[in-house]
Amino acid sequence: AIIVEGSLIFAPHTDPNHERFFDAHYIFVNKGMMEVGTEEFPYTSKITITMHSSVEDPYIPIYGNKVIGVRYGTLDMHGIERTPTWTKLDSTVEAGDTVITLQEEVDWVAGEQISIASTEFDGREGEQRTIIAVAADKKTLTLDYPLEFKHFAETQYFGDNNEDFIDMRAEVGLLTRNVVYRGDPDTSIATEYGATIFLHSDGDDSLTARLGYIECYNMGQAFKLGRYAIHFHMIGAVHKSYIKGLGLHQSNNRAFTMHGTHYLRIE
């Protein structure tokens, strides 16, 4: 258990490919500060913060376990900004395809993971793949494994003169970030009991949480009230806080397979 009543600061390495690993059961910031990069100076190397615990383990009152909990403190976690974090397919891909074309140029690179949303009534047809090559146009990606499902990407026109239309294209999102916050991979999926970030104080900006361009996976605790992936709990107005550019997913082959565990809630 890490209790922060001063400052817990993770400084990046000079080598952008260097990776640090940090493991804990509880990180509780009480009138202190936890910093993994800032908006002005993001974390520029790689770090993976892994949280452990089971539903039977002791709780910090209100905040729980397997958690970064913040009370009257500041949480800053900022990875390198990615452009864009998501886009859409330019053309339909069929089951068995390994190459997709996007609508806009991306800064994504080989080795990073993406998600492709379902375009059927079954949301479980969303898929997760790893990029193995990016063409010179920065729009064409080669994937590590053939797609299981068709993903539709066309503009459909309606009316007598085709004046009405709906852009029906599958969204494609980048999941990989250089700053990773996760539940342990050994138990989180099997038990549906992942990591959380739980933010709670009296409000009125007595707590500040700024999360930008980080990767969150194996997050949220199923069948537990309020244990969403990221939860601003009954906190009032938090004008200084924000969340942007996050990649939120499970560490398996399917993206967006919700089992009550992948939610971000702001009350």
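**View 1. Polar contact between the side chains of Thr-140 and Asp-137 in the predicted model.** The side chains of Thr-140 and Asp-137 are joined by a polar contact of 2.9 Å. Thr-140 belongs to strand β13, which covers residues 140-143, and its relative accessible area is 17%, so it counts as buried, the cut-off being under 20%.

**View 2. Surroundings of Thr-140 beyond its sequence neighbours.** When neighbours within four places in sequence are left aside, Thr-140 is in contact with Val-99, Ile-100 and Thr-101, and also with Ala-133, Val-134 and Ala-135. Asp-90 is 50 residues away from Thr-140 along the chain, yet the C-alpha atoms of the two are separated by 9.6 Å.

**View 3. The open sheet of five strands.** The strands follow the order β3-β6-β17-β20-β23 and pair in parallel. Because β3 (19-24) and β23 (247-249) stand at the edges with a single partner strand each, one side of each has no neighbour in the sheet. From one strand to the next, the twist averages 15°. Strand β20 (residues 215-217) runs parallel to β23 and is joined to it by three bridges, and Glu-215 has Gly-247 in β23 as its bridge partner.

**View 4. The largest nonpolar core and the contacts of Ile-27.** This core holds 32 residues, of which Ile-27, Met-34, Leu-75 and Met-77 touch the most other members. Strand β6 (residues 46-51) supplies the largest share of the core, three residues. Leaving aside neighbours within four places in sequence, Ile-27 has contacts that include Ile-2, Val-4, Phe-22, Met-34 and Ile-49. Another core, of 16 residues, lies apart from this one, and Leu-89, Ile-116, Ile-131 and Leu-143 are among its members.

Methods: Residues numbered from 1 in each chain as written. Predicted model: local features only at pLDDT ≥ 70, side-chain atom pairs only at ≥ 80, totals over all residues. Heavy atoms only, no water. Pairing = 2+ DSSP bridges. Helix = DSSP H or I, 4+ residues; strand = E, 2+ residues; numbered from the N terminus. Axes fitted to C-alpha atoms, helices over the stretch in contact; angles between N-to-C directions. Core = buried A, V, L, I, M, F, W, Y, C linked by side-chain atoms within 4.5 Å. Buried < 20%, exposed > 50% of the residue type's maximum accessible area, 1.4 Å probe, protein only. Contact = heavy atoms within 4.5 Å. Polar contact = N/O pair within 3.5 Å; in protein donor to acceptor, adjacent residues only side chain to side chain.
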